[in-house]
Amino acid sequence: MEVHRKGNIHIQDDVVISQNVHITSAGNLVIGKSSLILANVFITNIDHDYEELDKHIVNQEYIISETIIGENCYIGMGSAIMAGTKLGKQCVVGANSVVRGEFPDYCVIVGAPAKIVKKYNFETQEWEKV
């Protein structure tokens, strides 16, 4: 884990984090309770600005966007949770997905870029393809 500047990482109760997980924060980053993060996952709330020509990217400003992983989420092996991502409660992220954006509760997200492929239907009590 890396915390830069005024960053913070809040890991709530009962979170399981596997090996080789890299988390970086320069702002607010939250991992909700009872979530599972598998191996080789990257989670951040930082993007690097790149607009200044002939200036090394590490010397350019950070673009910081709050990242929140909801309660009881499953983050598949090798996934990247990018800056500004907000996962709702009990989201499932497929292996090797690249996730950016806001996703509602009870959905399955896969791909690069990641998109919703299933949602839980409370009427039928089944996970249904979107």
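Hi everyone, let's start with burial: of the 130 residues in the protein chain, 39% are buried. Please keep in mind that this is a predicted model.

Now the secondary structure. The protein chain has 19 strands and 0 helices. Its radius of gyration is 15 Å, close to the 14 Å that the globule rule gives for 130 residues, so the chain is as compact as a globular protein of that length. If you look along the principal axes, the C-alpha trace spans about 55 × 30 × 20 Å.

What about contacts along the sequence? Taking contacts between residues at least 6 apart in sequence, 20% join residues at least 24 apart.

L36 belongs to strand β6, which covers residues 36–37. Is L36 buried, partly exposed or exposed? Its relative accessibility is 27%, so L36 counts as partly exposed; the cut-off for buried is under 20%.

And which residues does L36 touch, leaving aside its neighbours within four places in sequence? They are V16, C73, Y74 and I75. While you are there, have a look at G76 too: it comes 40 residues away from L36 along the chain, and the C-alpha atoms of L36 and G76 are separated by 8.5 Å.

Terms used. Residues numbered from 1 in each chain as written. Predicted model: local features only at pLDDT ≥ 70, side-chain atom pairs only at ≥ 80, totals over all residues. Heavy atoms only, no water. Helix = DSSP H or I, 4+ residues; strand = E, 2+ residues; numbered from the N terminus. Rg over C-alpha atoms; globule rule 2.2 N^0.38 Å. Buried < 20%, exposed > 50% of the residue type's maximum accessible area, 1.4 Å probe, protein only. Contact = heavy atoms within 4.5 Å.
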